[in-house]
Protein chains: 4
Amino acid sequence: MLYGNTFGNLFRITSFGESHGPAMGCIVDGCPAGLNFDPDIIQADLDRRRPGSTPLGTKRNEPDRVEILSGVYEGQTLGSPIAMIVHNKDARSRDYKDISKVFRPSHADYTYTARYGHRDPRGGGRASARETVARVAAGAVARQLLAQMSEIEVIAWVDQVGTLTASVDTDKVLREDVDRFPVRCPDEKTAQAMENQIEEARKARDTVGGVIGVVARNVPAGLGSPVFEKLDATIAGAMMSLPAAKGVEIGSGFSSCTTTGSTNNDAFIKDDNDAIRTQTNHSGGIQGGITNGMPILTRVGFKPVATHFQPQSTVTTDGEETTFTASGRHDPCVLPRAVPMVESMLLLVLADAMLGARIARI
Amino acid sequence: MLYGNTFGNLFRITSFGESHGPAMGCIVDGCPAGLNFDPDIIQADLDRRRPGSTPLGTKRNEPDRVEILSGVYEGQTLGSPIAMIVHNKDARSRDYKDISKVFRPSHADYTYTARYGHRDPRGGGRASARETVARVAAGAVARQLLAQMSEIEVIAWVDQVGTLTASVDTDKVLREDVDRFPVRCPDEKTAQAMENQIEEARKARDTVGGVIGVVARNVPAGLGSPVFEKLDATIAGAMMSLPAAKGVEIGSGFSSCTTTGSTNNDAFIKDDNDAIRTQTNHSGGIQGGITNGMPILTRVGFKPVATHFQPQSTVTTDGEETTFTASGRHDPCVLPRAVPMVESMLLLVLADAMLGARIARI
Amino acid sequence: MLYGNTFGNLFRITSFGESHGPAMGCIVDGCPAGLNFDPDIIQADLDRRRPGSTPLGTKRNEPDRVEILSGVYEGQTLGSPIAMIVHNKDARSRDYKDISKVFRPSHADYTYTARYGHRDPRGGGRASARETVARVAAGAVARQLLAQMSEIEVIAWVDQVGTLTASVDTDKVLREDVDRFPVRCPDEKTAQAMENQIEEARKARDTVGGVIGVVARNVPAGLGSPVFEKLDATIAGAMMSLPAAKGVEIGSGFSSCTTTGSTNNDAFIKDDNDAIRTQTNHSGGIQGGITNGMPILTRVGFKPVATHFQPQSTVTTDGEETTFTASGRHDPCVLPRAVPMVESMLLLVLADAMLGARIARI
Amino acid sequence: MLYGNTFGNLFRITSFGESHGPAMGCIVDGCPAGLNFDPDIIQADLDRRRPGSTPLGTKRNEPDRVEILSGVYEGQTLGSPIAMIVHNKDARSRDYKDISKVFRPSHADYTYTARYGHRDPRGGGRASARETVARVAAGAVARQLLAQMSEIEVIAWVDQVGTLTASVDTDKVLREDVDRFPVRCPDEKTAQAMENQIEEARKARDTVGGVIGVVARNVPAGLGSPVFEKLDATIAGAMMSLPAAKGVEIGSGFSSCTTTGSTNNDAFIKDDNDAIRTQTNHSGGIQGGITNGMPILTRVGFKPVATHFQPQSTVTTDGEETTFTASGRHDPCVLPRAVPMVESMLLLVLADAMLGARIARI
């Protein structure tokens, strides 16, 4: 809503914080009263996102302990805003001294300066991926809400690294399958190849991109809105708001562009319980912007991380052409850590949609 | 915002109307006062979207004359809401009598019923692509605002039909190039092949999908917001809200997932006027969610139209399995008519972003 | 929300129209699907607001026939936006030719020009009280929603004209009591005196102010929000947004400022059905911004109409001092016609609050 | 917006915190980048609101040190959200043990329970006036923004305590005049009488109400919106959202209800600099919801504090009738401490309106 720091209509998060400022955090507003609130679930999701949570990630060492400042009393939400903060501890701002005078290619240094006139260069400031701490904390509140309001489960995984693509059964994949390998790909053989590819990139002082897949199962039919806030539109916006995301598809996505209607349509059938379902799921669980009860399927494409360690041509803040070579601690591949981020965004979207369904009929 | 009928923060459209109700329309709120307002520009964009505007489209014959009900006085906007309506004239509701009792596959019949308890089955009701009349009318207001506030130009084209992909120079393509062929692909050779493919689909009583490309040129640096409303996120949500859209990419999109950072990064250079630009444009004009002054590049994937004329398995509203065969007037390919829709969405996003830049700094 | 034309969070109206433009109207978004929708109820409320509805009002003769453009199918709301328009028929713009070059005192001519650079002078343009057509139409949708969701009833009346104050039993007053007299004061003796006072003002080519009282009975406990959207705050904003409103009080209002806590507090007691109620109702049914189940009581003060027919000092649009004497058709007292406007605003607030209560708890 | 914790369209505060939870705080979103940001100004305003800031207030001893968590870098705002927190230190929750099982009359205990199912009884939880810490902190950011964007100055004072009414020159009154006396009334003689009256109330174990006056001077013409967000409507809502507020008037307010148009209208004249102004200011600086350049004048009526120390009839949370006598630390009169709160609300409204004016014209 307007400044980019708020997400959601009814279940709503407002995020704040610069990478090397005192703290990151968010306010979750609109979480209904009476939710059994477990801070350990939030901490667990933060731990999963944390730098150092996989051996493939950055070496920045942040404990990322969440503090709950409001909105909860005797283990239950009050219906008032839930404020959560995570202090920034291991912020080595000296690593960024040398970059305060240069626009790093494919980073937000130049564009933030163009917009705001100045910027906080330390760790990327507001543009840092560290901002996703707030999303994951809020997503873990949404996770609890969905668990207590529905049977919905949301599982994301690394579906592609470079050209390596995993084979994943979206009806069955579990979080424990995903977390079995550091790369967070549940397909064992591909997982090993992906790790190798990431290690090779690290050695080449380079970075690689990839794709996250995510499924939401047991989603009731009737979630989502028409026209501008079709659920797939909201999901697309949510996912594309993640750092480095450059593409989103729902269901068959771009591959449906090359098929025909007669092969792409999802025939309605009745299952053994006489419930309506579809024979195929090319729609990815959403038709006309509203869920049909089938699993929601989304793929999110991430570009290779902009910070690699090879020399790059660029321009200084004074407008002089120069060569820049990055230093510091950076991931060669964001994909493993993007798994909890993608999950969080879908959890936020679905928590919002669940509340919306309550007021759709008289 | 909440019910899906409103789009934009500062330049804001609220849309209404069912396909066979009395009228479609919208309110544009937030258009600044003092804009020179030309209803002919709106009518021209509506004509371009109109059924019958290309020989490849549906045979529904709607004059789609726009009436301006408010917000304009002596050729200038007042700063008050601009209400526009288009009456539905050629609504043959009898064509839809037979579908009121059946859930058409991959349409919104079932999901709307799941959400709202009932629906207007005539012409798809609110879920009809006819809803995009409102978007195009509002987009034509945005077009005028951008023309009077900036040098921005927005051009969309059919980039792919089935497996046929056009070759388009995004730095130079013009609207007249796009409109030269009924299929609205500016690449002559491919355009002819696309038309053939669409005609073949029509003969096969089937439908085909494809991709729309769109570019915005002369966009100032500094448009867009951080975090949840990165400009690419807003564009992704906007595009995915179009009927039948299933995928969106910004810049290099999914193809960047298979590259490395050292090849994918856009080096900053200075152009002949000493202005900062990038050597390549894999970012599609947006870095950290904010424009960098380079052209914005987006591709939007559309599935094949759900209404084909072959028999399909489905379920009635009473829950009985049945076979459904569509009748009526329907496009075998939405792509040519999606061109003005995609343009409109990007115009709306950019008009909103231009106003947002006015309040980003003290 | 931002431009002033939208009201409500969940039950939301967006209004448009200039007094002498083609039409006034609104979109009601967020009305739940499945409401039995009766356009006659809307027409009846519009008729009550209509110029000419009381012999005390302006002589402008507007039929004010409402057209429903969307959102309703077979007598039931669809959950999609309900667009309603009322064409402006008896707009004598020639009456306003002479005022296009002068800033009428205590009107919005000067302030609109200061804000927007120009204005529609015909009939006051957007600043005309004719804008309340949209509020009353939307209020009549809210009335139907409340009737089908609750036992709530909302009754307004003329409580004061000049120094004449009515005596009204807020627990019992009915709409038919209010409508018994042209002045819409249910207290017979005072009603007659008020009429006389208004007639005297008319003869003196002057205008008089007064106060509208309103009560909402059978309101469930638990409606409203904390902090910035306390229900009394929302009501205050809603009422003060009416043309010519200059003061609002809730419950005992300003008179509570001169009492002590021990006399002003509302003791809780149990009624014959063991339900909790309060012994007195100085709080006007709202405590901490949330309803307590007692009647909501509000008073809204209106200044005398700015258009009287005596000569006034003022300044032209060119900045020359001048004398202005109004002509045309104008009410000496807005109070009788303000009754349906005040009711509408409270209906809108309560419809919104009823929906809000659905998502306050898990 | 929806849950009551957010205020403002463009300059927007989201507040959080329960009285005895870990912290109160807020996020200010929409403060433009490049503002010179002085935390001492925030601390000074918080000190003025602080319990113990006047000898007439509660004895709760809170240092109320503000911590800035984000949004500021090297003394300038970044354009990103400014998160501010104030820890709750002197929360004696034992004082509230005895009230967790009883609904205090004219407090929010019952209504919060009716809405949310449960509540945080410690110190009134979210319904505590301690919540205004967030408003005052945000107001002090707005104060800085207005100081750097305009000449606007906002001064509030205690205008009435019980029946004692001050005489104040709204064109000249200064903050230092207000702060000269503990009761924050700039009229010396009345100030002394007010103090006596408050002390008498304290001795009588009772509480008294009153009225805050506030003026905004040097306000440019053209601020505010039409229809639902007329500036007076926004101010009315803002003021009525303050704890214990029960009435609001703009300009002549309720007293204008008893006058005639010919005496109440504000004639336009030209001042010595040829600028347009009005001869009188019954409109309180706002006409048609938009400022006319004259001082904005508002009065806000507060009921006597609900917590007095005499026995009161009430009902327990189990529904048993009982007698309740308050203990703990409570103000006999909120008026002196309401002065910075009222100022803050007007500052927030005006900062928002100043930004809004930037996008009203092309």
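User: How many residue pairs are in polar contact across the interface of chain B and chain A?
Analyst: This is a predicted model. Both residues of a pair must reach pLDDT 80 or more to count. A polar contact needs N or O atoms within 3.5 Å. Across the interface of chain B and chain A, the number of residue pairs is 47.

User: Which helix of chain B gives the most to the side that touches chain A?
Analyst: The helix in question contributes 7 residues to that side of chain B. It covers residues 109–116. The name is helix H3 of chain B.

User: How do the residues on the side of chain B that touches chain A divide into nonpolar, polar and charged?
Analyst: Charged residues number 17 on this side of chain B. The others are nonpolar or polar. The division is 46 nonpolar, 45 polar and 17 charged.

User: How many salt bridges are there between chain B and chain A?
Analyst: A salt bridge needs a side-chain nitrogen of Lys or Arg within 4 Å of a carboxyl oxygen of Asp or Glu. Between chain B and chain A, the count is 0.

User: What area do chain B and chain A bury between them?
Analyst: In this pairing, 108 residues of chain B contact 108 residues of chain A. Carbon and sulfur atoms hold 59% of the buried area. The total is about 8400 Å².

User: Which residues of chain B lose the most area to chain A?
Analyst: Together they make up 11% of what the chain B side buries. They are Arg115(B), Phe228(B) and Lys246(B).

User: Which residue in E12(B) is the bridge partner of Gly247(A)?
Analyst: Strand E12 of chain A and strand E12 of chain B each span residues 245–250. They pair in the antiparallel sense over 3 bridges. For Gly247(A), the partner in E12(B) is Glu249(B).

User: What is the bridge partner of Phe103(B) in E18(B)?
Analyst: E8(B) pairs with strand E18 (residues 312–316) of chain B in the antiparallel sense. The pairing runs over 2 bridges. In E18(B), the partner of Phe103(B) is Val315(B).

User: What is the radius of gyration of chain A?
Analyst: Chain A has 9 helices and 19 strands. For its 362 residues the globule rule gives 21 Å, and the radius of gyration is close to that, so chain A is as compact as a globular protein of that length. The radius of gyration is 21 Å.

Technical notes:
Residues numbered from 1 in each chain as written. Chains lettered and ligands numbered in written order. Predicted model: local features only at pLDDT ≥ 70, side-chain atom pairs only at ≥ 80, totals over all residues. Heavy atoms only, no water. Contact = heavy atoms within 4.5 Å. Buried area = accessible area lost by both parts, 1.4 Å probe. Polar contact = N/O pair within 3.5 Å; in protein donor to acceptor, adjacent residues only side chain to side chain. Helix = DSSP H or I, 4+ residues; strand = E, 2+ residues; numbered from the N terminus. Nonpolar A, V, L, I, M, F, W, Y, C, P; charged D, E, K, R; others polar. Pairing = 2+ DSSP bridges. Rg over C-alpha atoms; globule rule 2.2 N^0.38 Å.
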